[in-house]
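Here are some notes to read alongside the structure. Have it open while you go through them, and find each residue as it comes up.

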Amino acid sequence: MPPEPVGIRFDATAHRYWSGPRELLSVTRVLREAGLVDATWYTEAARERGAALHALTEAIDRDEPIAEAMDPASLHALDPYLEAYRTFLAEAHPVWTGIETPAADLALGYAGTLDRWGTLQGDAVVVDLKTGTVPPWAPLQLVAYARLALDGHAVRRRRIVVQLLPTGRYSVREFPVVNFGRDERIFLSALAIAQWKRAA
């Protein structure tokens, strides 16, 4: 089970986390501060599409109405991505324990919002949904989320990116379990660098 986010505040607009007066570093900020994320090619349109799809896929998983407030044209443009997600659910049969779950490691001072975590084919898994290319830092992002979600008790810590494509299809990129320890060490080093920069 992930740590209960009691007393953790999350500002979704600014993507910032606090525990009381203390600001926690987000996983993406850790990776950016350590120089591992290149945001040069990020666009506002891609960010808006990603945010909308996260809300829509969450509604699907929670069996809630799909974005009644969204205008039909915008919703129609996202239909292929939603079809891809529904196909993934139908074919992979994941069992979600957490959906868009904020969690934090107060001892280490970082936090993040896990897209999905639960089990896949009986194995503990952390899943990130992406609509763009899978960045090289994705395994580090997922190892950070896995530490939050799995609390160190899972025998296997599977880390998967589900890439939703505009064709209505999806692809799955899984990062080897054998690399978990290495990726964890890299993330913790990045966290130390980010915290050093913040304190400087």
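This is a predicted model: local features need pLDDT of at least 70, side-chain atom pairs count only at pLDDT 80 or more; totals for chains, interfaces and linings use all residues.

1. Let's begin with strand β6, residues 123–130. How many of the residues of β6 are buried? The count is 8 of 8, so this strand is mostly covered, given that buried means under 20% relative accessible area. Look at both faces: Asp123, Val125, Val127 and Leu129 sit on one side, while Ala124, Val126, Asp128 and Lys130 sit on the other, and all of them are buried. Notice that charged residues such as Asp123 and Lys130 are on that list too.

2. Strand β5 covers residues 110–120, and β5 pairs with β6 in the antiparallel sense over 5 bridges. To find your place in this pairing, look for threonine 119, which stands opposite alanine 124 of β6. The two strands make a hairpin with 2 residues between them. In that turn, glutamine 121 has a positive phi of about 55°.

3. On to the pairing of β6 with strand β7. Which sense do these two strands pair in, parallel or antiparallel? It is the parallel sense, and there are 6 bridges.

4. Arg158, Ile160, Val162 and Leu164 point one way from the strand. Arg159, Val161 and Gln163 point the other way. As with β6, you'll find buried residues on both sides.

5. What does β7 pair with next? Strand β8, residues 170–175, is joined to β7 by 6 bridges, and these two strands run antiparallel. A handy landmark is glutamine 163, whose bridge partner in β8 is serine 171. β7 and β8 form a hairpin with 5 residues between them. Glycine 168 in that turn has a positive phi of about 90°.

6. Time for the helices. Helix α2 (residues 44–61) packs against helix α3 (residues 72–92) at an angle of about 50°, and their axes are 10 Å apart. An angle like that is neither roughly parallel nor roughly perpendicular, so α2 and α3 are oblique to each other. The crossing of α2 past α3 is right-handed. From α2, the contact is made by Arg49, Ala52, Leu53, Leu56, Thr57, Ile60 and Asp61. From α3, it is made by Leu75, Leu78, Tyr81, Leu82, Tyr85, Arg86 and Leu89. By type, the residues of this contact divide into 10 nonpolar, 1 polar and 3 charged.

7. Zoom in on threonine 57, which is found in α2. Is it buried or exposed? With a relative accessibility of 0%, threonine 57 counts as buried. Setting aside residues up to four places away in sequence, threonine 57 touches Leu82, Tyr85, Arg116, Leu129 and Leu164. Leu129 belongs to one face of β6, and Leu164 is on β7. The C-alpha atoms of threonine 57 and leucine 82 are separated by 6.9 Å, although these residues are 25 apart along the chain.

8. Next, a look at serine 26 in strand β3, residues 22–26. Its relative accessibility is 6%, which is why serine 26 counts as buried. Leaving aside neighbours within four places in sequence, serine 26 is in contact with His15, Tyr17 and Ala111.

9. Most residues other than glycine have a negative phi. Histidine 15, in the loop between β1 (8–11) and β2 (16–19), has a positive phi near 55°. Histidine 93, in the loop between α3 and β4 (95–105), also has a positive phi near 55°. How exposed are they? Histidine 15 counts as partly exposed because its relative accessibility is 35%, while histidine 93 is exposed, with a relative accessible area of 57%.

Methods
Residues are numbered from 1 along each chain as its sequence is written. Side-chain values use heavy atoms; hydrogens and water are left out. Axes are lines fitted to C-alpha atoms, for helices over the stretch in contact, and angles run from 0 to 180 degrees between N-to-C directions. Helices (H or I, at least four residues) and strands (E, at least two) are DSSP runs, numbered from the N terminus. Angles under 35 degrees count as roughly parallel, over 145 as roughly antiparallel, 65 to 115 as roughly perpendicular and the rest as oblique. A crossing is left-handed if the near helix is turned anticlockwise from the far one by less than a right angle, and right-handed if clockwise. Contact means heavy atoms within 4.5 Å. Buried means under 20% relative accessible area, exposed over 50%, partly exposed in between (1.4 Å probe, protein chains only). Two strands pair if DSSP finds at least two bridges between them.
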